[in-house]
Amino acid sequence: MSSSIPKEIHLILDSAGALIVFQEKGATWAGVLAFSSEDRAREFCRTSNLDAAEVAAISTGDPQAVAGLIASIKRRAIRNLLLDLDYKTGACTQIDFVGDSFGDPIARQLTPRGKH
């Protein structure tokens, strides 16, 4: 689990170009799924059987790009990034939005998807 924000994050987009988000059962807020590499994003899609159209990257060192991303998604009750979410275990790094930038990364354990 990374304790710092990667230089680039990779976001999964659906066929309409919308960001893929994750909301825990009973939670008020959702988090954008973000990954430290394109390979990790594609692996999540394979593991979760998510039919994603593409993976888009954003430089975390570009304050204008980060502010634009946050401004565009805050309107949708999305308050953080869930970085490198492991579909099987639920382990990830949560990065909250602080104003128009990223806060400190914290390790997070979500409830993994149950077996059916």
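This report covers the confidence, fold, dimensions and cysteines of a predicted model.

## Confidence

The protein chain has a mean pLDDT of 89, and 93% of its residues reach 70 or more. Among its elements, the highest mean pLDDT, 96, belongs to strand 1 (residues 8-13). The lowest, 91, belongs to strand 2 (residues 21-22). Where pLDDT is low, the predicted coordinates should not be read in detail.

## Secondary structure and contacts

Two helices and seven strands make up the secondary structure of the protein chain. Their order along the sequence is β-β-β-α-β-α-β-β-β.

Counting contacts between residues at least 6 apart in sequence, 58% join residues at least 24 apart.

## Dimensions and surface

The radius of gyration of the protein chain is 13 Å, which agrees with the value near 13 Å for a compact globule of 116 residues. Along the principal axes, the C-alpha atoms fill a box of roughly 45 × 25 × 25 Å.

Of the 116 residues, 37% count as buried. The protein chain exposes about 6,800 Å², and carbon and sulfur atoms supply 48% of that area.

## Cysteines

A search of the whole structure finds zero disulfides. C45 is in no disulfide, and its nearest cysteine sulfur, that of C92, lies 16 Å away. Because a disulfide requires the two sulfur atoms to be within 2.5 Å, the 16 Å between the sulfurs of C92 and C45 is too far for a bond.

Both cysteines fall under the 20% limit for buried residues. C45 has a relative accessible area of 12%, while C92 is at 0%.

Definitions and conventions. Residues are numbered from 1 along each chain as its sequence is written. This is a predicted model: local features need pLDDT of at least 70, side-chain atom pairs count only at pLDDT 80 or more; totals for chains, interfaces and linings use all residues. Side-chain values use heavy atoms; hydrogens and water are left out. Buried means under 20% relative accessible area, exposed over 50%, partly exposed in between (1.4 Å probe, protein chains only). pLDDT is the predictor's confidence in each residue, from 0 to 100. Helices (H or I, at least four residues) and strands (E, at least two) are DSSP runs, numbered from the N terminus. The radius of gyration is taken over C-alpha atoms; the globule rule is 2.2 Å times the number of residues to the power 0.38. Contact means heavy atoms within 4.5 Å. Accessible areas come from the Shrake-Rupley method with a 1.4 Å probe; for residues, only the protein chains shown count as cover.
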